[in-house]
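Work through the exercises below with the sequence and the coordinates at hand. Try each task before reading its solution.

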There are 2 protein chains.
Amino acid sequence: VIPATTLEISGSRFVAVYALAGTPDDARARAEAITVEQTIEFPADLIADDDIRAHVIGRIEAFTEVAPGRCEATISYAIETSGFEIPQLLNVLYGNCSLIPDVRLQHVTLPDDLLARFRGPRFGLRGLRELTGAPTRPLIASATKPQGLPPSGLAAMAARMAEGGLDVIKDDHGLSDQPFAPFRERVRATAEAVAEVNARTGSRALYLPSINGPADEIVERAHFAKDVGAGGLLVIPGEVGLDTLRRLADDDELALPLMAHPAFQGAFVVDARMGIEHGVLFGTLDRLAGADMTVFPGYGGRFSFSQAACRSIVDACSAPLAGLRPIVAAAGGGMTLDRLDELLSFYGRDSMLLIGGNLSRGDLLDNARQLREAVEAWDARHGAATP
Amino acid sequence: VIPATTLEISGSRFVAVYALAGTPDDARARAEAITVEQTIEFPADLIADDDIRAHVIGRIEAFTEVAPGRCEATISYAIETSGFEIPQLLNVLYGNCSLIPDVRLQHVTLPDDLLARFRGPRFGLRGLRELTGAPTRPLIASATKPQGLPPSGLAAMAARMAEGGLDVIKDDHGLSDQPFAPFRERVRATAEAVAEVNARTGSRALYLPSINGPADEIVERAHFAKDVGAGGLLVIPGEVGLDTLRRLADDDELALPLMAHPAFQGAFVVDARMGIEHGVLFGTLDRLAGADMTVFPGYGGRFSFSQAACRSIVDACSAPLAGLRPIVAAAGGGMTLDRLDELLSFYGRDSMLLIGGNLSRGDLLDNARQLREAVEAWDARHGAATP
């Protein structure tokens with residue numbers, strides 16, 4: 001039925017490692033199903049012995065039982081199947097196989113000729129260090145909240161954070177365009193408040209409004225934010241789509257650092273038998289799409305991530321990825337001042353600590369100053385590496 | 001620290017029911033955490049006894065142990081917290097709590113004054129019946145594939161499907177803009193092939209190209225598709241963002257029926273202890289965002305959905321939802337001709353059967369004709385309800 005087909009194809013392939021729970025026989029059968037499901041989604045026996053069979057269908061490169069009841073299949077795909085676009089790349093890596101139980105996308109390797117089609121992060125770690133004037137120390141961030149405060153209240157909070165020496169002040173990710181603090185009023189007021197402190201004290205705090213809004217307003221909101229002085233943007237790929245992040249990163253008129261937030265994406269990572277490995281989702285994919293910072297819930301906070309999960313994100317932020325800049329892993333979700341030494345020992349100097357609500361326990365300005373001083377002291381004690 | 005705040009607030013609330021695995025004490029603690037996490041994400045003890053506490057923080061309306069080790073918490077949220085926008089509505093319903101283990105968003109009730117802010121599906125079931133000229137019978141659909149065929153091969157396949165009497169012919173969801181069949185060439189060739197058959201035979205098949213592409217090209221692709229004669233569009237909300245669907249549905253210049261595809265969203269539904277209930281994700285939310293048809297993997301096919309899961313989707317497609325039109329549940333993922341009676345008995349006349357690769361087993365045209373005849377015979381046997 002399907003005519004034999006000849007294709008012009010580069011031969012270059014990207015690789016996905018899937019962890020499969022189950023017996024080796026059962027896992028092997030699912031791995032074989034995945035090679036078809038992610039590509040032609042068509043009865044393989046109806047395909048001729050042609051280039052579709054040879055190149056388009058995924059190829060099992062390795063299959064091993066790594067532990068009793070747990071196998072890993074390494075499957076390669078022709079880079080052409082991705083169409084060199086992020087939504088379709090997601091489709092090949094994990095689209096239909098998200099619907100198959102007990103399959104986890106464990107690791108991804110993208111070859112240079114695929115990566116060359118993406119610009120990736122505009123700033124990355126180095127760019128953020130330049131913008132904030134922090135050549136060697138860990139970066140520090142907080143968020144304006146709670147939802148319900150008027151723009152003036154949120155702006156006053158941001159001013160204290162800037163005065164205290166934070167590098168990045170983001171909107172809480174739950175601030176969108178609510179009547180309590182409409183987007184434009186809030187962003188203008190907060191950006192002006194931060195700019196005033198920066199001008200007066202010489203600080204270089206970046207204010208990142210959340211632009212989580214309608215698909216046809218996000219770009220407009222982003223440019224409005226830039227126009228009134230925002231220093232970056234907070235984006236939620238799980239809610240607006242990963243390629244929206246890429247579109248904002250690639251916008252040369254915008255040219256703002258971008259922070260990705262993990263809301264709505266937890267279901268991909270928390271069950272180890274399925275979904276996508278933490279480092280792939282919050283590290284490699286966010287970075288591919290141009291995030292300069294990726295927020296995740298640090299171990300020991302309000303959420304559930306293990307140290308290993310956090311480590312996989314940190315590693316993916318700086319692992320070689322062709323010409324794509326290393327980015328900053330930003331641990332949040334219940335981080336506290338009193339854990340600072342432990343957290344910095346774990347995450348290292350090239351990370352960002354995002355301390356949200358806990359910074360408001362007591363005096364916000366004092367706490368922000370203490371955080372900055374403690375991070376500088378840590379930096380000095382640990383021999384402030386040359387930038 | 002946080003000034004007492006007075007808010008103008010309607011008092012109208014939307015309701016989410018969360019299933020929580022664990023002991024009642026532990027589940028109750030997580031339910032209380034959710035009321036804060038989804039809204040203010042800020043230490044509740046630092047909030048004054050004000051309108052933020054009274055209205056913005058979520059409210060536990062009911063809490064019950066429904067089975068040993070399984071509780072349900074009914075939590076209401078002020079409609080204002082949603083900002084009346086889909087990304088932020090997703091945030092309140094499931095944003096940060098996606099990161100909390102063993103929490104499943106089980107049910108959602110949206111009040112009329114929130115629903116009134118959304119137009120929902122432009123066509124819905126009735127609109128699709130008018131467009132396809134099928135006033136009472138179940139609708140039938142297939143997909144052009146495999147990836148790797150040139151535009152002419154895919155177009156020839158679509159022509160046979162139209163000739164055979166299918167109502168909807170969609171691109172395989174894995175077709176994007178690959179070099180094998182670039183978007184514009186493929187869509188033009190396929191639309192023309194279907195139009196030729198429609199003109200010659202009087203059939204009214206709709207061709208739905210997949211517009212899964214870069215964030216800044218999707219709208220352009222959609223309009224190109226319309227211009228060359230596409231009868232609808234296939235959208236993957238899990239990859240391009242749910243609000244992109246809403247944006248396309250609300251586009252009065254476009255005005256095409258939209259089919260939502262579940263790729264990449266499986267991790268939300270397959271583990272019953274977490275994620276989002278099938279009917280909420282593929283029914284209520286897709287419908288809210290304007291899908292006229294929602295594709296899901298039918299029970300007994302290549303994937304894992306139970307009959308109960310499929311039923312929850314079918315029900316959510318037609319449940320009362322203020323003025324939002326009922327939509328069509330489209331069961332796919334390994335459906336076969338020989339199961340037709342069983343499938344139609346289960347899904348009913350207001351559903352769509354999406355038979356993909358299996359329709360190519362043997363002669364595609366013959367199979368399509370058989371499918372159409374079998375569905376018409378079923379309709380006659382079951383007393384073709386007056387439309």
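The model is predicted: local features need pLDDT of at least 70, side-chain atom pairs count only at pLDDT 80 or more, and totals for chains, interfaces and linings use all residues. Residues are numbered from 1 along each chain as its sequence is written, chains are lettered from A and ligands numbered from 1 in the order in which they are written, and side-chain values use heavy atoms, with hydrogens and water left out.

**Exercise 1.** Describe the overall build of chain A.

Step 1. Chain A has 15 helices and 13 strands; helices (H or I, at least four residues) and strands (E, at least two) are DSSP runs, numbered from the N terminus.

Step 2. The radius of gyration of chain A is 22 Å, close to the 21 Å of the globule rule for 387 residues, so the chain is as compact as a globular protein of that length. The radius is taken over C-alpha atoms, and the rule is 2.2 Å times the number of residues to the power 0.38.

Step 3. The C-alpha trace of chain A spans about 70 × 45 × 40 Å along its principal axes.

Step 4. Of the 387 residues in chain A, 66% are buried (under 20% relative accessible area; exposed is over 50%, partly exposed in between; 1.4 Å probe, protein chains only).

**Exercise 2.** Work out the strand order of the open five-stranded sheet in chain A and what packs on the sheet.

Step 1. The order is β2-β3-β1-β4-β10, with mixed pairing (two strands pair if DSSP finds at least two bridges between them).

Step 2. β2 (59–67) and β10 (275–276) of chain A are the edge strands, each pairing on one side only.

Step 3. β2(A) and β3(A), residues 70–78, pair in the antiparallel sense over seven bridges. A:F63 stands opposite A:A73, and A:A62 opposite A:T74. The two strands form a hairpin with two residues between them, and A:G69 in the turn has a positive phi of about 80°.

Step 4. Helix α12(A), residues 278–288, packs on the sheet and touches β4 and β10 of chain A, its direction making about 40° with that of β4(A). Contact means heavy atoms within 4.5 Å; axes are lines fitted to C-alpha atoms, for helices over the stretch in contact, and angles run from 0 to 180 degrees between N-to-C directions.

**Exercise 3.** Which residues of helix α5 (124–132) of chain B are buried, and against which strands do they pack?

Step 1. The buried residues are B:G124, B:L125, B:G127, B:L128, B:R129 and B:T132.

Step 2. They pack against β5 (139–144), β7 (206–208), β11 (293–297) and β12 (328–332) of chain B.

Step 3. After α5(B) comes B:G133, with a positive phi near 65°.

**Exercise 4.** Is A:S98 buried or exposed?

Step 1. A:S98 is in the loop between α3 (86–94) and β4 of chain A.

Step 2. Its relative accessible area is 1%, so A:S98 is buried.

Step 3. Residues of chain B touch A:S98, including B:P262, B:F264 and B:V270.

**Exercise 5.** Which residues touch the most other members of the largest nonpolar core?

Step 1. A nonpolar core is a set of buried Ala, Val, Leu, Ile, Met, Phe, Trp, Tyr and Cys residues joined through side-chain atoms within 4.5 Å.

Step 2. Among the 240 residues of this core, they are A:Y347 and B:Y347.

Conventions
Lists of a residue's contacts leave out its neighbours within four places in sequence.
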